[in-house]
Structures are given as C-alpha cells and as structure tokens.
Amino acid sequence: MRSYTLTSPAKINLYLEILGDRPDGYHELAMILQTVELADKIDLRSLSTEDIRVRTSNPQLPTDNKNLAYQAAALMAAEFPEAFAQYGGVEINIDKHIPIAAGLAGGSSNAAAVLVGLDLMWKIGLTQSELETLASQLGSDVPFCIAGGTAIATGRGDDLSPLPSPEDIYVVLGKYRHIEVSTAWAYQTYRSQFGSSYVVNKQDLDSRAAAVHSSSMVSAIVHEDKEQIGQKLHNDLEKVVLPNYPQVAQLRQAFQQAGCLGTMMSGSGSTVFALCESQSQAKQVQQQIRTSLTEPNLDLWLTRLCSTGIQVLSSTRD
Ligand SMILES: C[C@](O)(CO)[C@H](O)COP(=O)(O)OP(=O)(O)OC[C@H]1O[C@@H](n2ccc(N)nc2=O)[C@H](O)[C@@H]1O
Ligand SMILES: Nc1ncnc2c1ncn2[C@@H]1O[C@H](COP(=O)(O)OP(=O)(O)OP(=O)(O)O)[C@@H](O)[C@H]1O
C-alpha cells in the first residue's frame, strides 16, 4: 500500500479582466492569479482493486464523478491505463478547509493535487507542462493550481506566465455561508450585459492580452510595492455579482472602510478579500468587520499570500 498526503491551497484573483468571448462559449481573460496559505489536505491511498473512491470531511460535497478530484483520477486512469492496472485504484480523502463555490478554486485545487499525487504514486514522471495540459481538461483554474504562486493567466485562464510572489502580504477572506455564486451564471450575465463592448478582432485581443504583462499591477508585484498592489486590484465580474448580491457589496464596503491595502471580490465570488501589510493590520481588519457586521452567517479567515501550489507533505509505502 502506498499513500501520499498533499496540500491543496486556495487562490485569489488580484486582477481579472474580461477581454472578449470565444467560439467555445468561454471568455478570453487577462488575469493575475495568486495562491494563499488557506488549504485543503488531500490523502491518496492505493487500493488493490481498480476503483476510484472519494471521501470528504464536508457532507455538502459530492463523492461521485461530480467531484473534481474524482474526475482528475478518472482522467489519469484513462490516460495511463497500464499504470492504473499495475498500481491499482485509489481512495481520495479530502479534508476540506476552503469554502465551497467561493471563487477560491477549491475544487480546481483538489483536482490539481490528485494529478500531482497520482503522477508520483503511479511513477509516470510528467513534467509541469504535461500536468498543466491534463489539468486544462478539468477546468480553467486547474492548470494554475499545479505550481501556484503568482502568475499571469490569459486565454481561457490556462495560458500561464509565472511572476515572483510578493512576500509578507496578509489576507482576510470573508464569505457569507449562504451565498454561493455560480461561475457560469456570472460569465453569462456579464456577456448579456457587456458583450457588445468586447474586442472582436483577434489581433486586438492578442495585444490586450499582452498588455497585462506590462500593466501597473505586474510592475507593482515585481517591485513588491504593497500599496500599489492594493490600489491596482481589479475584477470585471464584480460588475455583475455586486449588484445582484447586495450583502457581498456591503462586505466589500466594510473591508474598504477597515483600513487595508485594498479589497476585491475573488473570481466569481462570493468571497471578498482584503490585503493587509502586516498580521496585526489583518487582525484589526478582522476585528473591525466583526463589530461593524454582526452577521452570524459571515465566516472570516486570516491567511497569507503563498509562493507555492500543490506540495507533497508526506508519503509512505510498504
Ligand atoms: C472565475 C475564475 O475562477 C477566475 O479565476 C475562473 O475564470 C473560472 O474557472 P473555473 O471555475 O475553473 O471555470 P470552468 O470550470 O472552466 O468553467 C466554469 C464556467 O465558467 C465560464 N467560463 C470560465 C472560464 C472562462 N475563461 N470563461 C468562461 O466563460 C463558462 O461558462 C464555464 O461553464
Ligand atoms: N473537490 C471539490 N471541492 C469543492 N467543490 C467541488 C469539488 N468537486 C466538485 N465540486 C463542486 O464544484 C462547485 C464549485 O466549487 P468550488 O469550491 O471549486 O468553486 P469555486 O471556488 O467558485 O471555484 P472557481 O474559483 O474555480 O470558480 C460546487 O458546486 C461543488 O459542489
């Protein structure tokens, strides 16, 4: 029996611009993605049978083929049938800490962890680029989750260019337990409201995607200018989510008034994050939100930007 334990961290979007629509129904994006330390723990245990089993600490999550971690294992089994036959199936245990449907790529990160773990368990030896290509079949955010850290993401969100990770930036995450935003709904609503303003010409699209590389946010990251990183946060999906979810808009306003470097909704929401220059500032922001919004359904987490993606914590064999 072999087992691997991996950490599966969440991401936030420091920048998300929607450039245009795509013939496949997706959107062309210019994003800056960033991992944070808040993470799930994934345990993989080999089975003597050719089964894929999922267990999770959160009863809300599916354990069948609707779970992205299951889909990742099924993809590996289909791509590498000989390894699957030789090493047997796998039991996947998901110790869930990342909130679900929160814009934090929790499911995507779990899928990335299964790809990385099974590559090791089945001794396949895939490169990071090969893992990312497989990951893109599972979802737009999954390739980034493999190496994590800080990266520019263009195309559907899966064309990645790494950036240096800013150090010592603390993050307060806030999410209402009862508010879950569907990513597909957010993009569809954006398209129906703002689709007419999209870039249609392929050349313009390419130059807009390239522009993110020389943007003020990238410059702020490269120069580790915390103030500017906070100032340049951007997310086009706020334009559709905030008007439809007034509590999320109110939470964002409360963060803004709490004196942080900057605040923004992550991905398609409903999580709002605040960047803070120190742990003590983050604790103060957390405290101020608790006193200004006496809402029992609001969860808050204190975490930190992180420079790594999926990591193996331990492994055993006998
Ligand atoms: C909002 C973000 O999390 C920001 O990082 C991502 O763009 C979404 O990533 P994800 O959840 O991995 O997305 P997918 O599972 O690939 O797609 C979910 C849905 O989002 C929409 N979608 C996603 C990515 C993209 N570039 N354009 C889209 O329009 C599609 O309607 C799709 O049906
Ligand atoms: N392993 C998993 N962890 C979390 N959600 C999962 C998982 N597998 C499938 N899902 C389903 O995926 C949906 C989105 O969950 P997830 O937490 O990944 O959303 P998200 O953080 O908004 O993702 P993203 O930021 O990539 O859009 C939920 O409806 C959930 O039931």
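User: What should I know about the model and its numbering before I start?

Analyst: Welcome! The model is predicted, so local features need pLDDT of at least 70 and side-chain atom pairs count only at pLDDT 80 or more, while totals for chains, interfaces and linings use all residues. Residues are numbered from 1 along each chain as its sequence is written, and chains are lettered from A and ligands numbered from 1 in the order in which they are written.

User: How many residues surround ligand 2, and which are the closest?

Analyst: A residue is near a molecule if its C-beta atom, placed from the backbone, lies within 6 Å of it. Here 21 residues surround ligand 2, and the closest are L68, A105, G106, G107 and N110.

User: Which helix gives the most to that shell?

Analyst: Helices are DSSP runs of H or I with at least four residues, and strands are runs of E with at least two, numbered from the N terminus. Helix α3 gives the most, with four residues; α1 (68–79) and α3 (106–121) each supply at least two.

User: What is the strand order in the open sheet?

Analyst: Two strands pair if DSSP finds at least two bridges between them. The four strands run β9-β10-β7-β11, with antiparallel pairing. Strands β9 (262–265) and β11 (298–304) stand at the edges with a single partner strand each, so one side of each lacks a neighbour in the sheet.

User: How many bridges join β7 to β11?

Analyst: Seven bridges link β7 (residues 170–176) to β11, and the two run antiparallel. To find your place, look for V171, which stands opposite T303 in β11.
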